[in-house]
Amino acid sequence: MAGDPNAPHFPRSAPIDAYGKGGFAFAGMSHRGSLLCLPDAIWAWDVTDPQKIDRYSLDRVFAAANSIDTLLVGTGTGLWLPPPELRQALKAVRVVLDTMQTGPAVRTYNIMIGERRRVAAALIAVP
């Protein structure tokens, strides 16, 4: 299953237990690389630089937009201002975009899923 790009790493949402050293821990598993956490699954995400975040890299978010109110983007260790056209495209499907460094994004995501909010997170792995 891990080798199939059409199969999620985990078939539902889950809190992120730890992050750093180039990856994440969740649901008793560890994953090296970035993650895309959707309400119905957690996916590997091949983005390593916030400048590479675009509509294409967030395709799964747009496909699931009817079950997402907020998209948290963890930008790694730096800050990133999303291009206005990406923010507008998400707004058009009624998804609010909130960007922050990966650490705060993980903490916010965990709180929001604990509150059963309709949240997704695109998290760039940090060293």
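Rings of Phe, Tyr and Trp (for Trp, the six-membered ring) pair if their centres lie within 6.5 Å, with planes under 30 degrees apart counting as stacked, over 60 as edge-to-face and the rest as tilted. The structure holds one aromatic pair by that rule. This is a predicted model, where local features need pLDDT of at least 70 and side-chain atom pairs count only at pLDDT 80 or more, while totals for chains, interfaces and linings use all residues. Residues are numbered from 1 along each chain as its sequence is written, and side-chain values use heavy atoms, with hydrogens and water left out.

**The aromatic pair**

- Phe10 and Phe26 make up the pair, in an edge-to-face arrangement with 6.2 Å centre to centre and 75 degrees between the planes.
- The pair links distant parts of the chain, 16 residues apart: Phe10 is in the segment before strand 1 (16-20), and Phe26 is in strand 2 (residues 23-26). Strands here (E, at least two residues) and helices (H or I, at least four) are DSSP runs, numbered from the N terminus.
- Phe10 is buried at a relative accessible area of 14%, and Phe26 is buried too, at 1% relative accessibility. Buried means under 20% relative accessible area, exposed over 50% and partly exposed in between, with a 1.4 Å probe and protein chains only.

- Three strands form an open sheet in the order 1-2-3, with antiparallel pairing. Two strands pair if DSSP finds at least two bridges between them.
- Strand 1 and strand 3 stand at the edges with a single partner strand each, so one side of each has no neighbour in the sheet.
- From one strand to the next, the twist averages 15 degrees. Axes are lines fitted to C-alpha atoms, for helices over the stretch in contact, and angles run from 0 to 180 degrees between N-to-C directions.
- Strand 2 and strand 3 pair in the antiparallel sense over four bridges. Phe26, already met in the aromatic pair, has Met29 in strand 3 as its bridge partner.
- Helix 3 (residues 102-114) packs on this sheet and touches strand 1 and strand 2, its direction making about 175 degrees with that of strand 1. Contact means heavy atoms within 4.5 Å.

**His31 in strand 3**

- His31 is found in strand 3 and counts as buried at 11% relative accessibility.
- A polar atom of the His31 side chain lies 3.1 Å from the backbone oxygen of Ser34.
- Not counting residues up to four places away in sequence, His31 touches His9, Gly22, Gly23, Phe24, Phe26 and Ala44.

**Positive phi in the loops**

- Most residues other than glycine have a negative phi.
- Lys21 is not a glycine, yet has a positive phi of about 55 degrees. Lys21 is in the loop between strand 1 and strand 2, and counts as exposed at 71% relative accessibility.
- Ala27 also has a positive phi, near 50 degrees. Its place is in the loop between strand 2 and strand 3 (29-32), where Ala27 counts as partly exposed at 35% relative accessibility.

- An open sheet of five strands runs in the order 5-4-8-6-7, and its pairing is mixed.
- Strand 5 and strand 7 (96-100) are the edge strands, each pairing on one side only.
- The twist here averages 20 degrees from one strand to the next.
- Strand 6 (residues 70-74) and strand 7 pair in the parallel sense over five bridges, and the bridge partner of Val73 in strand 7 is Thr99.
- Helix 3 packs on this sheet as well, touching strand 4 (34-38), strand 6, strand 7 and strand 8 (119-123); its direction makes about 150 degrees with that of strand 6.

**Trp45 and its surroundings**

- Trp45 is found in strand 5 (residues 41-45) and counts as buried at 6% relative accessibility.
- Trp45 and Ser57 are twelve residues apart in sequence and 8.0 Å apart in space, C-alpha to C-alpha.
- Leaving aside neighbours within four places in sequence, the contacts of Trp45 include Ser34, Leu35, Ile53, Ser57 and Ala122.

**Charges over rings**

- A charge sits over a ring if NZ of Lys or CZ of Arg is within 6 Å of the ring centre and within 35 degrees of the ring normal.
- Arg60 lies over the face of Trp43, at 3.5 Å from the ring centre.
- The charged end of Arg55 sits over the ring of Phe62, 4.1 Å from its centre.

How values were computed:
Polar contact = N/O pair within 3.5 Å; in protein donor to acceptor, adjacent residues only side chain to side chain.
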